[in-house]
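Q: I would like a close look at a single part of the structure shown here. Please keep it brisk.

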Amino acid sequence: MFDNLDKINKMSSFYFERFKVIQGNIANVNTPFYKPKDLKFEEVFKNFIPMKLTNPKHINPAGSEDIKITSFENGYITGYDQNKVNLEEEMAKLAESSIMYKTLVEVMKKEMVKLKYAISGK
């Protein structure tokens with residue numbers, strides 16, 4: 001029962017962190033040579049999927065759950081200053097992260113109501 005809450009909490013933390021990274025990109029829209037940063041959902045959550053170690057020579061699948069922020073090349077050059085932040089794209093990603101975060105908070109609230117209902121025994 002708490003497993004769902006843990007997963008929802010990790011996912012909401014991811015979107016909250018991504019929201020902050022994208023805000024940083026938007027804040028640096030006029031900074032020369034700035035490369036936008038982002039968090040990749042697949043890279044962060046591949047550590048949450050349980051994997052089985054079948055050979056001792058394999059790399060341990062239990063990796064770090066730390067969220068890594070990576071810079072990326074998007075191919076955009078928006079000005080003479082070599083800044084690669086595309087404001088429209090960043091605003092779209094910001095809206096996406098905000099919607100996902102709010103949705104996950106609502107799901108977490110519903111999980112808490114279910115837990116409260118189960119504890120009350122009604």
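What is the mean pLDDT of the protein chain, and what share of its residues reach 70 or more? Then turn to helix α1: at what angle do α1 and α3 pack, and how far apart are their axes?

A: This is a predicted model, in which local features need pLDDT of at least 70 and side-chain atom pairs count only at pLDDT 80 or more, while totals for chains, interfaces and linings use all residues. Residues are numbered from 1 along each chain as its sequence is written, and side-chain values use heavy atoms, with hydrogens and water left out.

The mean pLDDT (the predictor's confidence in each residue, from 0 to 100) of the protein chain is 81, and 73% of its residues reach 70 or more. Confidence is highest in helix α3, residues 87–120, at a mean of 93. It is lowest in strand β2, residues 70–71, at 67.

The chain has three helices and two strands. Both are DSSP runs numbered from the N terminus: helices are H or I with at least four residues, strands E with at least two. Their order from the N terminus is α-β-α-β-α.

Now α1, residues 2–27. Its 26 residues should span 38 Å at 1.5 Å a residue, and its end C-alpha atoms, 37 Å apart, agree with that. The expected span is 1.5 Å times one less than the number of residues.

Helix α1 packs with α3 at about 155°, and the axes are 9 Å apart. Axes are lines fitted to C-alpha atoms, for helices over the stretch in contact, and angles run from 0 to 180 degrees between N-to-C directions. The two helices are therefore roughly antiparallel, a term for angles over 145 degrees. Their contact residues divide into 19 nonpolar, seven polar and five charged. Nonpolar means Ala, Val, Leu, Ile, Met, Phe, Trp, Tyr, Cys and Pro; charged means Asp, Glu, Lys and Arg; the others, Gly among them, are polar.

Which residues of α1 are buried? They are Leu5, Ile8, Ser12, Phe14, Tyr15, Arg18, Val21, Ile22 and Asn25. Buried means under 20% relative accessible area, exposed over 50%, and partly exposed in between, with a 1.4 Å probe and protein chains only. Of the chain's 122 residues, 24% count as buried.

Take Leu5. Its C-alpha atom is 8.2 Å from that of Met112, 107 residues away along the chain. Met112 belongs to α3 and is partly exposed, at 44% relative accessibility. Lys109 is also placed in α3. Between Lys109 and Leu5 the C-alpha separation is 9.6 Å, across 104 residues of sequence. Lys109 counts as partly exposed, because its relative accessibility is 48%.

Conventions. Angles under 35 degrees count as roughly parallel, over 145 as roughly antiparallel, 65 to 115 as roughly perpendicular and the rest as oblique.
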